[in-house]
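Here is a brief report on selected helix and strand contacts. Please view the sequence and the structure first.

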Amino acid sequence: MASEMIAHAEETTPNVDLEKGSWMIWMKSLRAVALAASLLSCAAASAETVRVNYIPIADVTPLFVAIDKGYFTAEGLTIVPTPSTGGAAGIPGLMAGAFDVMYGNVVSTMLAQQQGFKLEVISAGTKQTENPVNTNGLVARAGESVKTGKDLEGKTVAVNTRNGIIWLFARAWIAKTGGDPSKVTFKEVPFPQMPDALRGKQVDAAFMVNPFFNAAIGDPKTFAFVAAPYRVVQPGVEVGHYICTQEYYAEHRETIAKYYRAFRKGVQWYNAHLKSPDLIPIISGFTKMKPELVATLNLQPLPETIDLDAVATTVKLMKDAGLLTKDIDLKGMTNPAALK
């Protein structure tokens with residue numbers, strides 16, 4: 001294409017009296033423009049689309065940072081994001097080919113793996129850090145006496161999906177603080193709808209995550225913080241990660257490598273700009289939360305690599321709860337680059 005543009009220019013250039021130096025400068029400029037156009041055309045032609053399913057919570061911000069900052073574009077990838085309520089809901093779509101990559105929780109991934117769905121963990125997503133400020137937890141209505149698991153017996157607790165990590169740790173916290181999880185009703189409520197469900201007395205408590213958690217406890221006249229189940233049950237828990245099918249991973253190794261490089265740059269930028277106002281429009285954009293509320297969020301650093309020891313601890317918790325009956329080859333189902 002570049003050579004055709006130059007040849008056409010040489011054939012159609014009028015017979016004007018240009019000094020040799022000016023002519024050479026003009027031709028060099030034309031060649032540069034033609035080359036740039038050629039490269040852009042090739043890049044556009046070779047761009048690969050990756051469909052990504054996500055939950056509209058603060059933990060997936062690095063994905064949208066990488067989109068916003070052009071990290072995926074630089075790798076020749078076009079990302080098409082689609083929201084869902086959680087890993088348990090998203091995995092059937094992943095297996096059916098509705099999307100290529102998804103953000104999901106550790107529990108749903110391990111359950112699916114046990115059930116014969118062959119999944120590959122390609123990058124880290126969320127890990128509970130030692131940050132003293134809570135970014136998730138059980139929330140109840142203000143003025144109601146809910147302090148332990150015993151207090152929730154006979155009541156209803158909102159979780160985003162059943163048999164997910166929120167559900168598992170809510171049950172584990174109830175048991176650890178004197179309650180019987182079998183005497184608690186767990187109701188599936190998408191994260192964005194949890195505050196309204198609690199306010200409207202459809203549930204008695206809700207296990208929320210940011211940005212909805214901070215927004216709720218920022219209104220102490222309406223809501224009250226109860227506890228942080230992740231911290232109580234398993235400090236440092238690996239909560240979520242990004243996965244694809246093992247078939248997609250085998251057939252698109254280079255695509256996954258590009259995705260991982262771009263996404264990790266998004267994590268690095270995010271961690272370096274937790275207090276930056278530049279994050280506000282990004283988070284507001286995919287959560288649909290008002291910018292002034294996003295500005296009040298407490299954001300925690302997110303992991304660049306996967307902590308298999310933490311995942312193994314959660315797997316043991318799942319076995320203790322009767323959710324898992326088989327051993328899982330954690331290292332065998334994890335992208336080696338994400339362990340470095």
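The model is predicted.

**Helix 3 and helix 12**

Helix 3 spans residues 61–68, and helix 12 spans residues 253–272. Their axes lie 8 Å apart and cross at about 105 degrees. Angles of 65 to 115 degrees count as roughly perpendicular, so helix 3 is roughly perpendicular to helix 12. From helix 3, the contact draws on T61, P62, L63, V65 and A66. Helix 12 answers with Y259, A262, F263, G266, V267, W269 and Y270. By type, 10 of the contact residues are nonpolar and 2 are polar, with no charged ones.

**Helix 13**

Helix 13 runs over residues 279–287. Its buried residues are L279, I282, I283, S284, F286 and T287. Their cover includes helix 3 and helix 12, along with strand 1 (48–54) and helix 14 (291–294). K288 follows helix 13 and has a positive phi, near 65 degrees.

**Strand 10**

Is strand 10 mostly covered or mostly open? Strand 10, residues 238–245, is mostly covered, with 8 of its 8 residues buried. Strand 3 pairs with strand 10, and strand 4 is joined to strand 10 as well.

Note on methods. Residues are numbered from 1 along each chain as its sequence is written. This is a predicted model: local features need pLDDT of at least 70, side-chain atom pairs count only at pLDDT 80 or more; totals for chains, interfaces and linings use all residues. Side-chain values use heavy atoms; hydrogens and water are left out. Axes are lines fitted to C-alpha atoms, for helices over the stretch in contact, and angles run from 0 to 180 degrees between N-to-C directions. Helices (H or I, at least four residues) and strands (E, at least two) are DSSP runs, numbered from the N terminus. Angles under 35 degrees count as roughly parallel, over 145 as roughly antiparallel, 65 to 115 as roughly perpendicular and the rest as oblique. Contact means heavy atoms within 4.5 Å. Ala, Val, Leu, Ile, Met, Phe, Trp, Tyr, Cys and Pro count as nonpolar, Asp, Glu, Lys and Arg as charged, and the others, Gly among them, as polar. Buried means under 20% relative accessible area, exposed over 50%, partly exposed in between (1.4 Å probe, protein chains only). Two strands pair if DSSP finds at least two bridges between them.
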